[in-house]
Amino acid sequence: MGTWDIGHFDNDSAADFGGTLDDAAPGEREALLRSALLCAAGSEEFLDSDEAVEAVAAAALVAAQCPGGAAVTSAYGPKEPIPPLAAELRPLAVAALDQVVAGESELAELWDETEDGPAWREGIRVLREVLAAASPADAPVAGS
């Protein structure tokens, strides 16, 4: 994993995901985000770090459209605008982040082996809080 910082787009896989979003037609970007989130949220076995990284990046983009969400300003994030996203992606993003920090996550294991692990987990926690606060209490998690 080529990682250079703890930001949600500060690694090779997330930067590539941002490029994939830029290359997609505007109408296809939400489906790409949904797919990345579903991959992580639906993981029943060990979650691969590349899949987890894409889910974190997707969750950051969903959270950016939530009240209190921070804009994605990383130079490595997508350059093209993300269209307004369906609110149903918010609980899906929460479920994906829960899998990313779970015991069966390669990404969490890799970060936990570094001195920056606690700061990375704090960033995920803040992102999850924004998404959870903006998620309707009765919203089903798509794909589960």
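A salt bridge here is a side-chain nitrogen of Lys or Arg within 4 Å of a carboxyl oxygen of Asp or Glu. With that in hand, welcome to the structure above. This is a predicted model, in which local features need pLDDT of at least 70 and side-chain atom pairs count only at pLDDT 80 or more, while totals for chains, interfaces and linings use all residues. Residues are numbered from 1 along each chain as its sequence is written, and side-chain values use heavy atoms, with hydrogens and water left out.

**The overall picture**

The protein has six helices and zero strands, and from the N terminus on its elements run α-α-α-α-α-α. Helices (H or I, at least four residues) and strands (E, at least two) are DSSP runs, numbered from the N terminus. The C-alpha trace spans about 35 × 35 × 30 Å along its principal axes. For 144 residues, a compact globule would have a radius of gyration near 15 Å, and the 14 Å of the protein agrees with this. That radius is taken over C-alpha atoms, and the globule rule is 2.2 Å times the number of residues to the power 0.38.

Of the 144 residues, 40% count as buried. Buried means under 20% relative accessible area, exposed means over 50%, and partly exposed lies in between (1.4 Å probe, protein chains only). Val53 gives an example of a buried residue, with a relative accessible area of 3%. Val53 has its place in helix H3, and its C-alpha atom is separated by 8.2 Å from that of Phe9, 44 residues apart along the chain.

**Salt bridges**

Side chains of opposite charge can pair when their charged atoms come close. In the whole structure, a search finds six salt bridges. Here are three of them, with the distance between N and O atoms.

| Pair | N to O distance |
|---|---|
| Arg34 and Glu30 | 3.0 Å |
| Arg34 and Glu88 | 2.7 Å |
| Glu129 and Arg125 | 2.3 Å |

Glu30, Arg34 and Glu88 are linked in a network of salt bridges. Within it, Arg34 and Glu30 both belong to helix H2 (residues 29-41), where they sit four residues apart, about one turn of the helix. Arg34 lies in helix H2 and Glu88 in the loop between H3 and helix H4 (89-100), so this pair ties together parts that are 54 residues apart in sequence. Glu88 is partly exposed, at a relative accessible area of 39%.

Glu129 counts as partly exposed at 45% relative accessibility, and Arg125 counts as partly exposed at 37%.

Asp12, Asp16, Asp48, Asp50 and Glu51 form a negative surface patch. Helix H1 (12-23) and helix H3 (49-63) are the elements that give two or more residues to the negative patch. Patches are made of residues with over 30% relative accessible area and no salt bridge, with like charges joined within 9 Å and nonpolar side chains (Val, Leu, Ile, Met, Phe, Trp, Tyr) within 5 Å.

How exposed is Asp16? Asp16 is exposed, with a relative accessible area of 54%. Asp12 counts as partly exposed, at 39% relative accessibility. Asp12 has its place in helix H1, and Asp16 is also found in helix H1. The C-alpha atoms of Asp16 and Gly77 are separated by 8.6 Å, although these residues are 61 residues apart along the chain.

Technical notes. Areas by Shrake-Rupley, 256 points an atom, 1.4 Å probe, with all protein chains shown as cover. Lys, Arg positive; Asp, Glu negative; His and termini not counted. Charge placed at Lys NZ, Arg CZ, Asp CG, Glu CD.
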